[in-house]
Amino acid sequence: MQPLRGTKDILPDEIQTWQSIYKIAHDILNIHNYKEVRTPIIENTDLFERSIGNFTDIVNKEMYSFNDQGERNITLRPEGTASIARAYITNKLYTQKSINRLWYLGPMFRYERPQKGRQRQFHQLGIECIGSDMPIADIEVIKLAIDILKKIECSNEYLLEINSIGNLNEREIYKLDLVKYLEKYEHEIDIDSKKRIYKNPLRILDSKNLKTQEILQNGPKLKEYLGKDSLKHFNTICNHLQYLNIKYEINNYLVRGLDYYNYTAFEIKTKNLNQQNTICGGGRYDNLIEQLGGPCIPAVGWAIGLERLIILIQKSLSQKVEQNIIYIAIHNSYKVDIIWDIIHILQEYKLGFELDLSNNNLSRQIRKANQLKAKICLIIGEHEIRDKSITIKWLQTRTQQTIRLSNFKKYIQYLKKI
Ligand code: ATP
Ligand code: MG
């Protein structure tokens, strides 16, 4: 049996990395008063169509949608922001606080061609700062992405790219001029871009095709269409980034794949030049909440793709978790109370242990303890059961002693101290 194409099991060897990422994100975000939220994995398809936009790749061809038994059209979430915005509106979070700082970590689903750093079920860690239109909110959010990446000790060098994509009006005027310009080159640009001319022309800026890029070089520039407010917002962000010593590059061709962004758009890319080099994408979305039927409330956020990040992590993030240092070998004539009393004491003193479940004879159980590199093997054999005692065998020094069961707790207290 194989898992579905583009999906993966995360096994115990790897899970420590995931747990460490969760912990790092939790600790950093907690200090900044970001609260974790968990939204359902399934939502009405309509939510994503209305937010992400009908002419985006995600909605157009990547969504896992199906009809449930009640003929409702349902989609496995392809990203987090739409769901967060929905939850924000459904639960009227704006009535409790004027600023809501939220974060999430969970699986997302997109029907894409699987390749390195691209899966059909993948995970995103994301944050959303909802309620402020101040540029400092954008910077807080960007800085948190950088802080988290630093703490995770991502080995490859990464670079922040930012752009301003202006407000809706500025973009509409720009789009008209861009389409007018590109129509002249309709036969020269790449096929994907050609398809986008009338549906999603801004995405053409993102094209990796060299010919298309060359044509764009002489076309209208989005930057020149930005008004005073857009420019001021953007310049403030750049000033703060300089002060914070966060290296960035302005990329005038950076547009995001989702429709709901305005003003700030940014990505964090690794310098590794394969196609999947974007580990974090985000921006400001001042109209999304209103567009989904909520109040007019501005917001800014990002999402990090965790599988891509994990590929880059050099040092194993596994914290030193205490290995199961105690192995319990037990004769099958044991009495109910003995075994549980021992286990409760180990639990109380937080000592990792493993109980033998093989029903093998004691010497084979002790051999197993050696194989597992346990420090101590607790032996409860026939003698011990009869005498209400327990043998403690130190596997490295091969010394052992038998003590009364009633003294076991004291022994463990002593063990904890050394
Ligand atoms: P790409 O251009 O690589 O397709 P995107 O613009 O579709 O990315 P976003 O929607 O901005 O990506 O998602 C944010 C991050 O989530 C990406 O930067 C990436 O790290 C991760 N991501 C997106 N799609 C996938 C996927 N199919 N598999 C693994 N990670 C993904
Ligand atoms: Mg994509």
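**Figure 1. Overall view of the predicted protein model.** The protein exposes about 22900 Å², of which carbon and sulfur atoms supply 50% (accessible areas come from the Shrake-Rupley method with a 1.4 Å probe, and for residues only the protein chains shown count as cover). This is a predicted model, in which local features need pLDDT of at least 70 and side-chain atom pairs count only at pLDDT 80 or more, while totals for chains, interfaces and linings use all residues. Residues are numbered from 1 along each chain as its sequence is written, chains are lettered from A and ligands numbered from 1 in the order in which they are written, and side-chain values use heavy atoms, with hydrogens and water left out. The protein has 15 helices and 16 strands (DSSP runs numbered from the N terminus, with helices being H or I of at least four residues and strands being E of at least two). Its radius of gyration is 29 Å, well over the 22 Å that the globule rule gives for 418 residues, so the protein is more spread out than a compact globule (the radius is taken over C-alpha atoms, and the rule is 2.2 Å times the number of residues to the power 0.38). Along the principal axes, the C-alpha trace spans about 95 × 45 × 45 Å.

**Figure 2. Close-up of helix 2 and helix 4.** The axes of helix 2 (residues 45-52) and helix 4 (residues 81-90) come within 10 Å and cross at roughly 105° (axes are lines fitted to C-alpha atoms, for helices over the stretch in contact, and angles run from 0 to 180 degrees between N-to-C directions). That makes helix 2 roughly perpendicular to helix 4, a term used for angles of 65 to 115 degrees. Leu47, Phe48 and Ser51 of helix 2 make the contact with Ala82, Ser83 and Arg86 of helix 4, where contact means heavy atoms within 4.5 Å.

Figure 3. Ala87, which is found in helix 4, is buried, with a relative accessible area of 13% (buried means under 20% relative accessible area, with a 1.4 Å probe and protein chains only). Not counting residues up to four places away in sequence, Ala87 touches Thr39 and Leu93.

**Figure 4. Close-up of Ile403.** Ile403 lies in strand 16 (residues 399-404) and is buried, with a relative accessible area of 14%. Leaving aside neighbours within four places in sequence, Ile403 is in contact with Ser389, Ile390, Ile392, Phe408 and Tyr411.

Conventions: Parallel < 35°, antiparallel > 145°, perpendicular 65-115°, else oblique. Buried < 20%, exposed > 50% of the residue type's maximum accessible area, 1.4 Å probe, protein only.
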